[in-house]
Amino acid sequence: MNLAPILLFCYNRPLHLLETLNALKGNELAKNSKLYIFADGLKDNATENDLKNISEVDSICNSIQGFFSVELNKSPINIGLQNSVIKGLNYVLGLHENVIVIEDDVVTSPYFLTFMNDALFFYKNNTKILSIGSWNYYYNTPVSFFNHMPDTIAWATWKNRWDLFEQDGEILLNKLIKTGLISKFNLNGKFDFENMLRAQINGKVSSWAIRWTAVAVLNDTLTLYPKDSLSKHIGFGKDSTNCEAGDFNKDLKLANESISNFEIEVIENVESLKSFINFEMEIKTSQNNLEINKVSLVDNIRSKLSKYIPNSIKGILRKKKLEIKLDGWFGNYQSWEVVEKKCTGYDANVILDTVKAAVLKVRNGEAVYERDSVLFDEIQYSQPLLSAFEKSIVDNRLHIVDFGGSLGSSYFQNRNQFSKQLDLKWSVVEQQHFVEVGKNEIAIDNLSFFNTVDEALKEQKNQVLFLSSVIPYFKEPYALINKMLEYNFEYIIIDRTAFIEGDNERITKQIVPEFIYKASYPAWFLNETKFINAFINDYDLISEFDSGFDPTSVLEDGLKVYRKGFYFKKKKHDT
């Protein structure tokens with residue numbers, strides 16, 4: 001059989017590229033395989049380090065040996081990964097009937113090329129198969145298997161399958177809606193791929209892969225995956241362009257023998273899809289809650305150390321009424337008043353001063369992102385939240401009342417995601433001492449501060465109420481909700497609200513990590529069903545999404561806790 005050409009994409013990571021090439025050359029079929037390289041060009045804001053790295057990449061690409069032939073395609077400007085992939089695939093598949101695709105941060109098994117070529121030959125006439133995958137990091141199985149999610153790191157396909165690719169995301173979205181396949185596309189609600197596709201359509205996300213996934217769903221196709229992984233991603237870390245997760249697959253064992261056995265039924269392996277969903281949800285949660293993991297580091301240490309403290313010593317500590325002053329959520333109090341007496345409160349001046357110092361750094365361009373006064377090197381965006389904001393735009397107008405919005409943290413986090421032509425008004429409603437600082441030192445452009453919702457509504461049209469991590473900190477959360485409902489906002493967006501498993505709700509004492517500021521206050525963990533029911537008489541629940549805590553987070557007695565967000569739209573009642 002004719003060997004499939006290899007298409008390699010690279011940019012500015014010479015060390016990763018060397019690892020990728022050396023692993024490929026360890027494949028027996030490499031010396032008889034054609035290698036096409038698409039190297040992206042310099043960005044406009046390239047640093048001296050970028051120049052150095054790209055120069056080294058050029059040098060590596062111009063001296064590659066160990067393949068049948070090497071063709072280098074160098075872009076004179078930076079076009080980004082999605083454009084490189086589309087351009088490269090169109091070019092190579094204009095010359096060949098199939099292709100093996102790999103990025104510059106993947107280490108492959110010595111049997112990677114064997115499996116890819118054997119599968120491409122075996123399934124070439126079965127158009128049910130869209131592509132061949134290689135990265136099985138999620139499913140333990142004695143045989144290879146199929147599911148409908150395509151691999152997009154190190155994979156293979158045929159020309160007549162790639163011909164199905166649709167560049168226009170809006171066409172794909174409309175087809176998914178029309179055919180009723182949105183739920184399948186979103187993995188039955190486990191992921192919000194729909195909003196990721198919308199973000200791609202609007203130019204906020206650069207992704208060819210989300211469109212390739214939509215193609216797979218619309219055409220009812222499958223991807224073959226090996227029983228043992230044939231590739232390992234080494235591109236995680238701060239220097240990665242399109243992935244910033246932790247290196248969760250560093251211990252992944254690659255296939256150490258040929259596994260080209262295709263005596264399997266061509267149907268979706270449901271269990272593999274479940275495993276895929278479970279694993280990806282863990283990674284997604286880890287990425288979205290990086291800042292929460294940082295804040296709760298001390299609490300994790302407390303939990304782990306507790307296992308090694310003998311019960312006898314714990315008893316002595318209890319008898320002496322000694323308290324380990326670590327952060328987290330503690331207790332199961334019968335009333336708000338009881339726990340309130342044990343707390344320092346939220347209105348302490350130290351909190352205001354600490355938050356102000358952090359927000360001013362963001363406002364003045366000295367830092368990029370702040371949450372709860374903690375500064376971060378990069379902004380952590382919530383795509384479902386941004387999608388909710390986008391869907392709430394009416395006549396190019398987005399007027400937001402950010403109730404309990406501190407000194408505008410959410411505004412500064414998300415402001416660059418809005419069009420400059422948008423009529424945006426962001427009104428923070430806060431305690432008086434926060435409002436005074438906000439008006440005098442923070443207010444900028446379309447960000448304003450008010451003492452009450454009524455004051456805010458005098459300055460803007462009644463459109464969006466935003467409640468982020470605020471409802472659980474009110475003595476009577478449902479009374480607050482009922483009060484907010486009286487304003488008849490067109491949309492209500494809720495984010496980072498804490499819930500607890502089971503039927504009961506709980507009042508706890510939250511202790512803030514001392515490296516942030518020294519404070520504690522009462523905090524609710526609410527019942528999700530009861531919470532949603534508080535809105536549904538007047539509002540339709542449009543979407544819901546995870547927005548905090550690791551999925552394994554538990555309180556002292558083992559009950560799971562989690563944070564969620566919700567997007568509500570005012571019902572249109574018949575008159």
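Tutor: Start with a definition. Two strands pair if DSSP finds at least two bridges between them. Keep in mind that this is a predicted model.

Student: What holds paired strands together in general?

Tutor: Strands of a sheet pair through backbone hydrogen bonds, in parallel or antiparallel fashion. Now the case here. Strand β1 (residues 6-10) and strand β2 (residues 34-39) run parallel and are joined by five bridges. F9 has F38 in β2 as its bridge partner. From β1 the chain passes through helix α1 (residues 14-25) to β2, a right-handed β-α-β crossover.

Student: Which strand is joined to β1 by four bridges?

Tutor: Strand β4 (residues 98-103), and the two run parallel. The bridge partner of L8 in β4 is I102.

Student: Is β1 largely enclosed or exposed?

Tutor: Use the cut-off: buried means under 20% relative accessible area. Five of the five residues of β1 are buried, so the strand is largely enclosed by the rest of the structure. Next, check the faces. I6, L8 and C10 lie on one side, L7 and F9 on the other, and all are buried. Both faces of β1 are therefore covered.

Student: Now an antiparallel case. In what order do the strands of the open sheet run?

Tutor: The order is β11-β19-β20, three strands with antiparallel pairing. To find the edges, look for strands that pair on one side only: here β11 (328-333) and β20 (520-525). From one strand to the next, the twist averages 35 degrees.

Student: How many bridges link β19 and β20?

Tutor: Six, in the antiparallel sense, with β19 covering residues 506-511. For a residue-level view, pick T508: A523 in β20 stands opposite.

Student: Why does F165 count as buried?

Tutor: Apply the cut-off again. The relative accessibility of F165 is 12%, so F165 counts as buried.

Student: Which residues is F165 in contact with, leaving aside neighbours within four places in sequence?

Tutor: I86, W208, R211, W212 and V215. F165 and R211 are 46 residues apart along the chain, yet their C-alpha atoms are separated by 7.6 Å.

Technical notes
Residues numbered from 1 in each chain as written. Predicted model: local features only at pLDDT ≥ 70, side-chain atom pairs only at ≥ 80, totals over all residues. Heavy atoms only, no water. Axes fitted to C-alpha atoms, helices over the stretch in contact; angles between N-to-C directions. Buried < 20%, exposed > 50% of the residue type's maximum accessible area, 1.4 Å probe, protein only. Right-handed = clockwise from strand over helix to strand, strands pointing away. Contact = heavy atoms within 4.5 Å.
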